[in-house]
Amino acid sequence: MKNLIVMNKSSVLVFLLVGLFVLCECEDEDQFLPVSPMVKEEQEALYSAIQGFVGNSWNGSDLYPDPCGWTPIQGVYCDLLDGYWHVTVLNIGLVFDNSLQCSPNAKFTHHLFELIHLRSLSFFHCFSSPRDNPIRIPSSNWERLSNSLESLEFRSNGGLIGTIPVSISYLKKLRSLVLLENGLTGDLPIELGNLVNLKQLVLAGNKFTGQIPPSLGGLTELLIMDLSRNNLTGTLMLTFGCNLTSLLKLDLSNNKLEGKIPEGIGRLKNATLLDLGRNKFSGGLIQSFQQLVSLKEMVISNNPLGGDLMGVEWGKLRNLEILDLSNMGLTGLVPESMAGMKKLRYLGLNDNSLTGNLSPKLASLPCLSALYINDNNLTGKLEFAEGFYKKMGRKFRAWNNSNLCYQPEMILSSSSSSHGLNGVKLC
């Protein structure tokens, strides 16, 4: 009886061990099997679309027989929808070291637009040669992605030429449109204003020409607008900015924009960056600048703006950290209210025609680490304490102000402390 009981316990133990082994084996097997299949037609469209970009030598069906399961393709991501795996993200180009590299003859095929569940589509350094393989953004079929695509990006594609196709405006769910540092040309289509859900519009580093369409001023959901480093011309409509109250970043720098800066810019009360530098704006600073209470960085430099600094209550910009007003043809005094910008780290007033004495209160700004007032017509004594020159070192520049002087007892003997006073005469 005792032996029988032992045998029974042993049998039970063996049974449990065998069962556990079988259970583990099944669990391991299930772990690597996709929960649901991928539609065959979509899988074939994925292979053909990628093959168009990376070359005919790539055979996805052999290398990646299960792109949403066992053998995922780098840059391809899937989601389970209606019981099937569907491609929702496609990143083409050298995003990562092991990403699929585009061939010199990369091209678009119609298969791309059969991936109708795509939410994000991006191309990075894929079309690289405008001479050997110039490629244009497809002008049709974007409407097939209108119910899904939320992000479209082309970055660093020197061989991507031509204009922005109007058909991109069919992408009614698009939240991010990034066309950064490509070879794109032509006018910005007014139809971009139909993309009412956009939160990010980045068209920087291309060769776009013509005016900024007024329709862009109606994109009320925008958080980022970056049209910098193009050849955009003309004036901004007077109400530009009035409806962009959610905007956090506005960068129109390095273009050929002209005319007066719109007062509507002052409505950007949530903006932290405003860069209008290196354009042809004129007509002086606008008073509504003082309403930009969230602003951390303001660059208006290298514009023939003219006028003076007295029309803006600078002390209201209490969050401002960087203020560059250099080379703008400014005249008149440097207002004492600038000492109210307590978070200011950089103040560039150089290369203007400013006159009068400089308030010693500027030196009391607790965060200031760079002050450039060189190449103006400032007069009188520099009455900053010696500790100011020690803190600033080479980031204080006051040369080329013929009637400005300093008292030698106000500076330290070290060359790093007095470097900024090179070119300033003794009183």
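The points below cover disulfides, other cysteines, one asparagine, the core and the aromatic rings.

This is a predicted model, in which local features need pLDDT of at least 70, side-chain atom pairs count only at pLDDT 80 or more, and totals for chains, interfaces and linings use all residues. Residues are numbered from 1 along each chain as its sequence is written, and side-chain values use heavy atoms, with hydrogens and water left out. The structure holds 3 disulfides, a disulfide being a pair of cysteine sulfur atoms within 2.5 Å. Counting bonded cysteines along the chain, the disulfides follow the pattern 1-2, 3-4, 5-6.

**Disulfides**

- C68 and C78 are joined by a disulfide with an S to S distance of 1.9 Å. C68 lies in the loop between α3 (60-63) and β1 (76-81) and C78 in strand β1, so the link ties together parts that are 10 residues apart in sequence. Helices (H or I, at least four residues) and strands (E, at least two) are DSSP runs, numbered from the N terminus.
- The link of C68 and C78 is left-handed, with -70° about the S-S bond. Both C68 and C78 are buried; buried means under 20% relative accessible area, exposed over 50%, and partly exposed in between, with a 1.4 Å probe and protein chains only.
- The sulfur atoms of C102 and C126 are 2.0 Å apart and form a disulfide. C102 is placed in the loop between β2 (84-93) and β3 (120-124) and C126 in the loop between β3 and β4 (135-136), so this pair connects parts that are 24 residues apart in sequence.
- The link of C102 and C126 is left-handed, at -95° about the S-S bond. C102 is buried with a relative accessible area of 12%, and C126 is buried with 4%.
- A disulfide also joins C405 to C427, with an S to S distance of 2.0 Å. C405 belongs to strand β25 (residues 403-406) and C427 to the segment after β26 (425-426), so the pair ties together parts that are 22 residues apart in sequence.
- The link of C405 and C427 is right-handed, with 90° about the S-S bond. C405 is buried, with a relative accessible area of 11%, whereas C427 is partly exposed at 47%.

**Other cysteines**

- C242 is partly exposed at 23% relative accessibility.
- C367 is likewise partly exposed, with a relative accessible area of 38%.

**Surroundings of N206**

- N206 lies in the loop between β9 (200-202) and β10 (207-210), and is buried at 6% relative accessibility.
- The side chain of N206 reaches the backbone nitrogen of N182 at 3.1 Å and the backbone oxygen of A204 at 3.2 Å.
- Not counting residues up to four places away in sequence, N206 touches L179, L180, E181, N182, G183, L184, R229 and N230; contact means heavy atoms within 4.5 Å.

**Nonpolar core**

- The largest nonpolar core has 115 residues, of which L112, F289, W314, M338, L382 and F396 touch the most other members. Such a core is a set of buried Ala, Val, Leu, Ile, Met, Phe, Trp, Tyr and Cys residues joined through side-chain atoms within 4.5 Å.
- Helix α2 (residues 40-54) gives the most to this core, with 7 residues.
- Leaving aside neighbours within four places in sequence, L382 is in contact with residues including L358, I373, F396, C405 and V424.

**Aromatic rings**

- The count comes to 18 aromatic pairs. Rings of Phe, Tyr and Trp (its six-membered ring) pair if their centres lie within 6.5 Å, with planes under 30 degrees apart counted as stacked, over 60 as edge-to-face and the rest as tilted.
- The ring centres of F53 and F123 are 5.2 Å apart and the planes are at 65°, so the pair is edge-to-face. F53 lies in helix α2 and F123 in strand β3, so the pair ties together parts that are 70 residues apart in sequence.
- Both F53 and F123 are buried. The rings of F388 and F396 have centres 5.5 Å apart and planes at 75°, so this pair is edge-to-face.
- F388 and F396 are both buried.
- One aromatic cluster is formed by F53, F108, F123, F127 and F154.
- The charged end of R397 sits over the ring of Y372, 4.3 Å from its centre; the rule requires NZ of Lys or CZ of Arg within 6 Å of the ring centre and within 35 degrees of the ring normal.

How values were computed: Polar contact = N/O pair within 3.5 Å; in protein donor to acceptor, adjacent residues only side chain to side chain.
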